[in-house]
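Try each task before you read its solution.

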Amino acid sequence: MEILEPKYCYNFYDGILKGENVQHYKKYYEDIEFAYKSKDVTLSKKTLMYEVFSINKEEDNTLFFGLTLMYPILVNGECNLTRGHYHIDKNEPEIYFGYEGEGLLLLIKDNEIFAEKVYEGSIHYINGQYAHRLINIGSTIFKVGACWKEKAGHNYEEIERFPFPVRIFKNGNNIEIKIND
């Protein structure tokens with residue numbers, strides 16, 4: 001019997017996912033500025049807002065594993081956020097788990113809106129019917145793992161047509177929730 005090294009590793013020291021076929025992309029302010037209430041002219045369009053690492057599929061309908069790193073950036077006082085998405089197959093759930101930092105998982109379905117606190121050790125089951133987005137409310141890098149089936153897919157277009165109606169702002173150490181006008 002042969003003993004093999006694992007194909008993937010999460011490095012707890014530098015906080016990134018490494019291994020065969022790991023995909024990595026970066027979202028800069030210019031890529032995500034549409035999602036904020038107002039544009040911040042003092043923020044460079046090349047400001048790195050968040051990074052995503054994910055394990056590429058090895059077979060059909062496999063489980064994906066991902067890691068998001070969000071930076072502690074405010075856009076006119078609004079907390080850094082991910083683009084957010086619905087699932088293409090709304091019968092497929094997703095699981096998030098907090099690694100480091102503090103943030104919120106914003107969930108929306110029809111008129112139901114709520115957020116869950118995300119922090120080191122927290123685990124979050126996301127029903128595939130809900131749009132969801134991560135928000136960094138802390139002052140450090142916010143790291144969140146995720147696991148989902150390939151067939152869940154990501155529907156970003158629906159979020160652009162029907163943006164999240166809730167905004168999270170930080171004023172000093174206070175978090176303010178605002179509903180869009």
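**Exercise 1.** Find the bridge partner of V22 in β4.

*Solution.* Start at V22. Its bridge partner in β4 is I55. Next, take the whole pair: β3 and β4 are antiparallel and share seven bridges. Strands are DSSP runs of E with at least two residues, numbered from the N terminus. Two strands pair if DSSP finds at least two bridges between them.

This is a predicted model: local features need pLDDT of at least 70, side-chain atom pairs count only at pLDDT 80 or more, and totals for chains, interfaces and linings use all residues. Residues are numbered from 1 along each chain as its sequence is written, and side-chain values use heavy atoms, without hydrogens and water.

**Exercise 2.** Which strands stand at the edges of the open sheet?

*Solution.* Write down the order: β3-β4-β5-β13-β8-β11, six strands with antiparallel pairing. Now look at the ends. β3 (22-28) and β11 (123-126) each have a single partner strand, so one side of each lacks a neighbour in the sheet.

**Exercise 3.** Which residues have the most contacts inside the largest nonpolar core?

*Solution.* That core has 45 residues, and M49 and I135 have the most contacts inside it. Such a core is a set of buried Ala, Val, Leu, Ile, Met, Phe, Trp, Tyr and Cys residues joined through side-chain atoms within 4.5 Å. Among the elements that each supply at least two residues are β4 (48-55) and β12 (131-136).

**Exercise 4.** Is C79 buried or exposed?

*Solution.* Apply the cut-offs: buried is under 20% relative accessible area, exposed over 50%, partly exposed in between (1.4 Å probe, protein chains only). C79 has 1% relative accessibility, so C79 is buried. C147, at 25%, is partly exposed.

Note on methods. Helices (H or I, at least four residues) and strands (E, at least two) are DSSP runs, numbered from the N terminus.
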